[in-house]
Amino acid sequence: NNFYTNSGSVKNNGFEFTASWNQKLANGMTFNVSGNITTIRNKVLSVWKPGYAYYDGNSITQAGSPIGSFYGYVVEGVYQSYADKLASPVNTLADYGPGDLKFKDLNGDGKITDADRTIIGNPTPDFTYGLSASANYKNFDLSIEFQGVYGNEIWRDWGNGSSYAVFNYRQDRLGRWTGAGTSNWEPKVGNDANNNLPSTYMIEDGSYLRLRNVQLGYSFDHKLLQKMNIEKLRVYVSGQNLVTWKHNSGFTPEAGGSATKFGYDNGGYPVPAVTTVGVNITF
């Protein structure tokens, strides 16, 4: 049975910076801009005993590396022909041929084995950041907020080499290998075990910037409202999660998990974009 025990140590360190600016212009407009950035560095100092590594799926936790690092093979291309296969290190992991992924012989022993696995990605970002701004002019008010992360990787756990994927193929699969010279990254279509081995083929950039919230409002004049026995009346329109600038092929760059296995994109639903129109009335 799997179980967790307090038998290791982890070091987290970084810096956090915040800054803001407020100003009132001659025409009566006021505005505020603020931002923050937090750097993150995670390192496992020890796990149970020297030389021990904990594997959780395709993630590894070991001394000297970030917790939950992605672990697998380094792809250096696609076999273009049988001659290419014969001229390359022998793959002892699975049957393979032209159109399949070619892995790098990291230890130089002339063959591809379990010993050629290495850390191929870090799900923890280098830093997170946010930016917000607001402005008021006469009866109008406007606010906007951005949020993002940078420097982390995502494990794409859907739409890979297998033809039996639960989800539709990624658009990139249209550029798959169909013959010598057609692709040196996208393998052929098929359920080849070799192409489903954990590798850099599954790694994507997890950095993103999201427009989290934007709101525009208008407050009616107090003199006008007095005639209707209303103290305050404000109408507004707002949008949440309207745009996400990202690099991964999934619906969202945010991927959860456990303490030792996280950053896996399983093809989940995207964060919904919400548009709201409202009225605030105070009598």
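Let's start in the loop between strand 15 and strand 16, where you will find Gly175. Keep in mind as you look around that this is a predicted model.

Gly175 has a relative accessible area of 37%, so it counts as partly exposed. Not counting residues up to four places away in sequence, Gly175 touches Thr182, Ser183 and Glu186. Take Glu186 from that group: eleven residues separate it from Gly175 in sequence, and the C-alpha to C-alpha distance between the two is 6.6 Å.

Now move along to Ser199, which sits in the loop between strand 15 (153-156) and strand 16 (203-205). Is Ser199 buried or exposed? Ser199 is buried, because its relative accessibility is 0% and the cut-off for buried is under 20%. Which residues does Ser199 contact, leaving aside neighbours within four places in sequence? They are Tyr73, Val75, Leu101, Phe103, Ile120 and Trp155.

Here are the two residues side by side:

| Residue | Relative accessibility | Class |
|---|---|---|
| Gly175 | 37% | partly exposed |
| Ser199 | 0% | buried |

Strand 20 has strand 18 (residues 232-246) as an antiparallel partner, and nine bridges join the two. To see one of the bridges for yourself, find Gln240 and look across to Val274 in strand 20, its bridge partner.

Key: Residues numbered from 1 in each chain as written. Predicted model: local features only at pLDDT ≥ 70, side-chain atom pairs only at ≥ 80, totals over all residues. Heavy atoms only, no water. Helix = DSSP H or I, 4+ residues; strand = E, 2+ residues; numbered from the N terminus. Buried < 20%, exposed > 50% of the residue type's maximum accessible area, 1.4 Å probe, protein only. Contact = heavy atoms within 4.5 Å. Pairing = 2+ DSSP bridges.
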